[in-house]
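Here are my notes for your review. Please read them with the coordinates open.

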Amino acid sequence: MLLYFAPGTCALAPHIALEWSKAGYEIEKVDLRSEAYGQINPLGMVPALRIESGRLLTQADAILKFIVTSFPDAELGAGDGELAEFNLDEALAFLTGDFHPAFWPYFGPARFTTKTDQDSLDAVKASSYSRIERVMNHLEAMLQDGHVVNQRRTIADPYAFAMCRWTVNLPKGWKDYPSIADFMNRMLEDPGVQAALSAQGLK
Ligand SMILES: N[C@@H](CCC(=O)N[C@@H](CS)C(=O)NCC(=O)O)C(=O)O
């Protein structure tokens, strides 16, 4: 397996999940804007995971679920219980469909305005803060039990971890949310998380 990544992006989530799964895998750092990567993944986005058959898997939540089913011994799935699978799917949909997009104006303000001056770009960035706060508040409530979902370690944990890191330079960062801060600090102590951070040059 080969995981295409750019440092610090949401590709950190499957990277940690692969570490936790003790999977045999390699990583390749890519330049998201390069023609070379565009030929690998025409969407020009990470994560992307090349599996043995040659198929390129895309979409973070789908890749994370693929890791769960490929490495059942790691027990990163929903667990048992009537609503367990729904709870995990709901959490993944929140992370991929609400949490991640809240950061788009912050990281790519030029995509949200036709103006090009710095003040206009900064204004677009600043406009993302309230939406980011809303999704962080929601995650804060989810993390009261120590994990994103089902009171157990699942693929949703590294996904949330990877994206909460993005708030570090915001007016309200992850350290300002008590349950998120507790979760992040525990994740930072985890050997698999440390291995992935180190491999991405983030530590
Ligand atoms: N829907 C995709 C979105 C992935 C995504 O937006 N990845 C970011 C990094 S966190 C990226 O590659 N951005 C490059 C771009 O938007 O051009 C997924 O969930 O995997």
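1. A polar side-chain atom of Thr-96 sits 3.5 Å from an oxygen atom of the ligand.

2. Basis of the values. This is a predicted model: local features need pLDDT of at least 70, side-chain atom pairs count only at pLDDT 80 or more, and totals for chains, interfaces and linings use all residues. Residues are numbered from 1 along each chain as its sequence is written, and side-chain values use heavy atoms, with hydrogens and water left out.

3. Ligand surroundings. The ligand is surrounded by 13 residues. The closest are Cys-10, Val-46, Gln-59, Ala-60 and Arg-111. A residue counts here if one of its heavy atoms lies within 4 Å of the molecule. Val-46 uses its backbone: a polar atom there is 2.8 Å from a nitrogen atom of the ligand.

4. Backbone at Val-46. The peptide bond joining Val-46 and Pro-47 is cis, with omega about 5°. Pro-47 is in the loop between α2 (35–40) and β3 (48–50). Helices (H or I, at least four residues) and strands (E, at least two) are DSSP runs, numbered from the N terminus.

5. Lys-22 is not a glycine, yet has a positive phi of about 55°. The residue belongs to the loop between α1 and β2 (26–29). Most residues other than glycine have a negative phi, and most peptide bonds are trans.

6. Domains. Domain 1 covers 2–74 and domain 2 covers 84–190; the bounds come from an automatic or database domain assignment. The contact (heavy atoms within 4.5 Å) takes 14 residues from domain 1 and 17 residues from domain 2. Their C-alpha centres are 20 Å apart. About 1300 Å² is buried between the two, 71% of it from carbon and sulfur atoms. Buried area is the accessible area (1.4 Å probe) that two parts lose on being put together, summed over both.

7. Salt bridges. The whole structure has three. Lys-65 lies in helix α3 and Glu-85 in helix α4 (residues 84–102), so this pair ties together parts that are 20 residues apart in sequence. The closest N and O atoms of the Lys-65 and Glu-85 salt bridge are 3.0 Å apart. The criterion is a side-chain nitrogen of Lys or Arg within 4 Å of a carboxyl oxygen of Asp or Glu. Between domain 1 and domain 2 the count is two.

Conventions
A polar contact is a pair of N or O atoms within 3.5 Å; within protein, one must be able to donate a hydrogen and the other to accept it, and residues adjacent in sequence count only if both atoms are side-chain atoms.
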